[in-house]
Amino acid sequence: MRVAFVLSFLANLTLALISVAILPERVAIHFAWGGAADGWAPRLDATRLTLALDTLLFLTFWFAPALLRRTPARWVNLPNRTYWLSPERREATIARLGQRLWAFGTALFLFLLAAGLLTLEANRADPVRLDEPLFLAALAAFLAYTLYWTLTLVRDLRLPKGPGT
């Protein structure tokens, strides 16, 4: 999962760099209902912001397992944290959470990539207009995945049934 996470991040960085080369000096960065542009910025500022946010998100997801290793269990908000973060289970739990976070990060970067591609296409159109149905489909897919990811996380962190729990 880590490879997919890194590749999805790199795809977003590549798109941002390509955008700098092919977009006009002033680009639409926000769109109203219906897809019409209603917020504008200089191309370089928009690219810098995209690169900074993508990098911050990447580093947050990448270093989350290391941060969890150093954080006292009482400061971690997980269902049944006493069980899952007990000394004998802590490392396995952190490894599982790391994989899950990288999976979620991959989904987030894929959604951002779709939004970036749609924004690039919109800024190259005349007049500038976002393909709103396609954007809403990408958003719906990401939100559905977020719901699935959350429900399976809560399910996976239930206390096991049986003796010895």
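Colleague: Which residues line the second largest pocket?

Modeller: In this predicted model, the lining of the second largest pocket consists of Leu67, Leu68, Thr71, Trp75, Val76, Asn77, Leu78, Leu97, Arg100, Leu101, Trp149 and Leu153. Two or more of the lining residues come from each of H2, H4 and H5. H4 gives the most, with three residues. The space in the second largest pocket is about 210 Å³.

Colleague: What makes up the lining of the largest pocket?

Modeller: The largest pocket is lined by 34 residues, and Ile29, Thr50, Ala115, Gly116 and Thr119 lie nearest its centre. Helix H1 (2–22), strand S1 (26–31), H2, helix H4 (90–124) and helix H5 (132–156) each give two or more residues to this lining. H2 supplies the largest share, nine residues. By class, the lining holds 21 nonpolar, nine polar and four charged residues. About 870 Å³ of space lies in the largest pocket.

Colleague: Why is alanine 46 called buried?

Modeller: A residue is buried when its relative accessible area is under 20%. Alanine 46 has 17% relative accessibility, so alanine 46 counts as buried.

Colleague: Where does alanine 46 lie, and which residues does alanine 46 touch beyond four places away in sequence?

Modeller: Alanine 46 belongs to helix H2 (residues 43–70). Leaving out residues up to four places away in sequence, alanine 46 touches Val27 and Ile29. A contact here requires heavy atoms within 4.5 Å. Between the C-alpha atoms of alanine 46 and aspartate 131 there are 19 Å, and the two residues are 85 residues apart along the chain.

Colleague: Which residues of H5 are buried, and against what do the buried residues of H5 pack?

Modeller: Glu132, Ala138, Phe142, Trp149, Thr152 and Leu153 are buried in H5. The buried residues of H5 pack against H4. Trp149 and Leu153 also belong to the lining of the second largest pocket.

Methods: Residues numbered from 1 in each chain as written. Predicted model: local features only at pLDDT ≥ 70, side-chain atom pairs only at ≥ 80, totals over all residues. Heavy atoms only, no water. Helix = DSSP H or I, 4+ residues; strand = E, 2+ residues; numbered from the N terminus. Buried < 20%, exposed > 50% of the residue type's maximum accessible area, 1.4 Å probe, protein only. 1 Å grid on protein atoms, 1.4 Å probe; cavity = no way out; pocket = protein on both sides within 12 Å on 5 of 7 lines; lining within 4 Å. Points joined across faces, edges and corners; volume = space filled by probe spheres on them. Nonpolar A, V, L, I, M, F, W, Y, C, P; charged D, E, K, R; others polar.
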